[in-house]
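Hi everyone, thanks for coming. Let me put the structure up, and then we can walk through the contacts together.

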Amino acid sequence: MDRNATPPAALAVTLSIDGATVTVPAGTLILEAARAVGSEIPTLCQSDSLPPRAVCRLCLVECDGASKLKAACATPVWEGARVVTVSPALRRIRQTILELILSDHPPDCLTCPRNLNCELQLWATRFGIRALAFPPKGPWPKPIEDSGALVRDMSKCVKCGRCVSACQDGQEVGALTAAFRAGQYEIVTPFRQALLEGPCVHCGECAAACPVGAIAEKDESEAAFRLLEGSNATAAIFSAETLAGTEDFLGYPPGSVTPGNMVAALKRLGFFEVLDRAAFARLAARVEAEKLSRALEREGTLPLIAGCAPTFRAFVSARYPEALKFLSNAISPESLFAFWMVDRFRGAPLPRPARAVSFQPCLARKLESRASAANQKGGPAVDLALTARELARTLRRASFDLRALPATPFDPLVLGPSLTLPDAPAASPLAEALYAVQREGEKGRPHAKGPGGALREFYVDFKGEKLLFVLVFGIQAARKVLERVLDGSLKAAYVKIMSCPKGCLGGGGQALETLARLRMEENGAGDPAIP
Amino acid sequence: MPELSESQARAIMADFHDDPQRLIAILLDIQEASGANRVEKKSALLVSETLGVPLTRIYEILTFYSMFSLAPRGKYLVEACESAPCHFDGGETTLSHLADILGVSPGETTADGLFTLEKSACFGACGHGGAFKIGDEAYRGGSRNQIASVIRSYRENSPRLREGLAWLY
Amino acid sequence: MALLVSMVLEGAGETDPLSIKDYESLGGFAALRAAFALEPQAIIREITGAKLLGRGGAAYPAGKKWEQLLNIEGSPKYIVCNADEGEPGTFKDRRIMEAVPLRLLEGMIIAGLTFNSPRGFIYVRGEYRRLQRRLAEAIQILRDAGYLGERILGSPFSFEITTISGAGAYVCGENSALLNSAEGLAGRPRIKPPHLAEVGLFLKPTLVNNVESFANIPLVLTMGGEKFLQAGHPQSGGSKLVCLSGHVRAPGVYEVPLGGATLRDIIFSPQLGDGIRDGRELGFFHLGGQSGPLGGPADLDVPYAYYPLRERGLAVGSGAVVALDASVSPVEYLQKVAEFFSRESCGKCVPCREGNKILAKYLQKLQIPGAWTPEDERRLSDLMVAMRRASFCGLGQSATTALASAQKLFPGRFAGASAPAASEA
């Protein structure tokens, strides 16, 4: 619940921060006002896209006239305030706080997935911590890998609660919670159940919110290299949104990596074919269109609701079981790709084994890979589904500058008479419309506060009728739509739900640098996570 | 160990008008009715579904508050105060008498499933030797025999034996 | 001034706690009747004039708190009684609820009237299950007699009181944590601002006062603020329920007029503590609960009242006085205090969660001869500052109060400097 009182609109407040006078709208937090005068207050539990928690206590500042320190991340400015953000006492207190956090943190930086991109590392470095006042001692809990996609290494958890907030406040899924008290306080699933047992949609917002390496994607980039070593028939598909992730991760200017560069780079790494994911997405849309037109003809249960990934079903099952009858088991581009990879060598003299690897800024896809514990259906599955973060790390291991590689076209998707695809229906306007909605979802809405909003409506002409298609971003918005479907107030033909609030571009598997850049663009704020 | 049925749990929630604000009272009553002095996952799931609150919130409550237990406990919860006013006034002695009489260490349940011994924080019975509590009743510290009488009173269901150490003003 | 008075506890043990007739025979409900004829500002004026300080531990002036709530826009306004009483060594609210519950309820009804509130809640700690039932009975009896419910005493004012149970968490004594708990959540404190007078229970403006504070309200109105003030100390009127425990011969709840008894009276007078048992000497005493300061024999002649104690670096706090004989090691005692806080911390903020754990370890180390180093001294000092100034709520902020006072009271026991420097642990 947001307990911060709504500030009066259009009132300006003038205050002094570190001696500099600044005027800001009423309701501005001290933290934000400080950024405006170039004072960067340390934070760890704060995130611009989540409500303040004020638990790390790093952001405390001195205010003239107040005997107690105030949390800059949670305190709005007031007229005539005189705030000091740096002082010997504050420095000492912040240093002690960091040492307290480090007293319960394993010194494993070199082998941690967040080495060089960790907010705890950042502040420990900036505060020049050398000797630890309270040396950390194990034993450390072992990482929890109870889903195919996320690894929870709680030994690294700094208990900032950002993941819980992202899951409960941001997404309103409620898969994670703070639990226990005192020294046993920890971030955990209820009854320590596997993430797969609860409503988790594997959007990865928790991993995206984590300032350290406590929750992260299961890194399978090593496995990708082993695949390439073991087979000369490994094909890849990638999502257009991974380009931005690669650019931001490697520090390239936006737009400097083209699809052609990426195709070339993947081939250099050893992929024998690189196909356009969009082609499979179009095929998937055709399959979905068939389902939709059958539902429309039957006047069956409408709207057809499609989550962006099969994990959405777990959420609906846990929280809105009456809505299960609307849910479409969408066949994903990844499974079509996998099917095609296996099938294409039927009778053809190409070397085996054939492998399929997909890359996208999506965490949930991992559950559709053969490697995932969740994939028990035995249906077609890619061998590996890697996030944009893993793709970027994979490319970093290579020593070429992918921008310099000659632009290479995608390999063609050949559907000859010897190759079949399940239910490969013809292209149709309905399929094109579904594909267009899907693309909108993938391109995303980078600016959550900007135009477009969490719900977008599209009208599609079909057999003389105007059908309403609704595109939903994020589970918080999805819940409202599900409720409207259940109470009958939403008359739509098709609802597409993107688990991630910013769409695929800002997905839970996207490069952290891209996510930080998107947050910065949205809030006009500084983000210390970017070095 | 018989734990409560779905209809029992629903009845408890109905007593509180299925009001999520009364979650703590509901869970305390469910714990009491369970016969095992705890709330199990099955009950938590039912409460989650009936009241429309996420399972995470229920789990946070069950683990945050000291009075709840996820693991089964004995019929009678015997709690010895370990806070400073009792500790320095015979609290250690009370605890050791209880452990000795019951034959268990703090955190353990007697083999017959009747008593679980735990240490607890102050429950407002200070000033009369190390205090202990059995269920809702508070007792003063006393000699080993006196404490044994109290325990026997529960074992034999004879309340008169408790009066010796009953905490009065 | 007599050492003991019978104001808040008048009738305790002598009357039937649930009998309206008994309570009225002592003047009960006269204050409520009078309150109907007063404007809210007039009621608050009496409370301000009485200089009634909050009796839960924070000692915030009740008149000021009520005035603030009166000036806040918004409705409904809720009245919440903090009956969490988790502070070790404190058992006075239990006494009030068991022996004179009608006085507590009358105080809450007067508060309800003042703020035109429709609902009051008594948040009672889970360990006081029996008392919750007692209060529920008392509430029903008042409803049946027209003192609660619709149209109280024929007026347009309606007020309901409900009891809410805690479930074992000292931190729920902190008002914002209490409200979260009352809403059916884990009892972790809230971010301030906004303050709970503005955004309180269910986000509505709320008054939170301690049991003893509410129980004093009828007295303030029947005596009038001036007389109430005179019954106590010039800077804080009325009486205080002192909870005496530890090594005294006669532990228990004693109602003393503020300023009318000294610490010596409380611990040694035959009317009160009657001295230390077994012919032993007083070592030190702990005032106000685990979060309060320690005092020693040199402090015994300080009058027991808010300002005189504060000036001396001591405190009334909850009213707890734990007196320990000279055989108790202050360091060992403080280790127990630190262990208490490290278990009761809600866990969400770094300084309190991690700090209390380490504090307990340091206090253990101080008891090992030769182990304590100047480096430890420096780190302990930094840690105490961080906990006191940076903790999220009062629990962490006051967890080091006892230790800080003990360092001044027993400098030799906490320095460890005379011992040869040991190698770093």
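Let's begin where chain C meets chain B: 52 residues of chain C and 36 residues of chain B take part in the contact, where contact means heavy atoms within 4.5 Å. Please keep in mind that this is a predicted model, in which local features need pLDDT of at least 70 and side-chain atom pairs count only at pLDDT 80 or more, while totals for chains, interfaces and linings use all residues. Side-chain values use heavy atoms, without hydrogens and water, residues are numbered from 1 along each chain as its sequence is written, and chains are lettered from A and ligands numbered from 1 in the order in which they are written.

How much area do chain C and chain B bury between them? About 3600 Å², with 56% of it on carbon and sulfur atoms. By buried area I mean the accessible area (1.4 Å probe) that two parts lose on being put together, summed over both. On the chain C side, the residues that lose the most area to chain B are Arg129(C), Ala167(C) and Lys336(C), which together make up 18% of what that side buries.

Now for the charges. There are 7 salt bridges between chain C and chain B, each one a side-chain nitrogen of Lys or Arg within 4 Å of a carboxyl oxygen of Asp or Glu. Here is a pair to look up on your screen: Arg130(C) is bridged to Glu137(B), and their closest N and O atoms are 3.4 Å apart.

Which element gives the most to the side of chain C that touches chain B? That is α13(C), with 6 residues. Helices (H or I, at least four residues) and strands (E, at least two) are DSSP runs here, numbered from the N terminus. This side of chain C divides into 20 nonpolar, 16 polar and 16 charged residues. In that count, Ala, Val, Leu, Ile, Met, Phe, Trp, Tyr, Cys and Pro are nonpolar, Asp, Glu, Lys and Arg are charged, and the others, Gly among them, are polar.

On to chain A and chain C. Their contact takes 38 residues from chain A and 37 residues from chain C, and the two chains bury about 3100 Å² between them, 59% of it on carbon and sulfur atoms. The rule finds 2 salt bridges across this interface. One of them joins Arg181(A) to Glu344(C), with the closest N and O atoms 3.2 Å apart. In chain A, α2 (88–102) and β7 (177–179) are the elements that give two or more residues to the side touching chain C. α2(A) gives the most, 7 residues, and this side of chain A holds 24 nonpolar, 6 polar and 8 charged residues.

Finally, a word on confidence. The model scores ipTM 0.95 and pTM 0.94. Mean pLDDT, the predictor's confidence in each residue from 0 to 100, is 95 for chain C and 88 for chain A. Where does pLDDT stay under 50 in chain A? Over residues 526–531; in chain C, pLDDT stays under 50 over residues 417–425.
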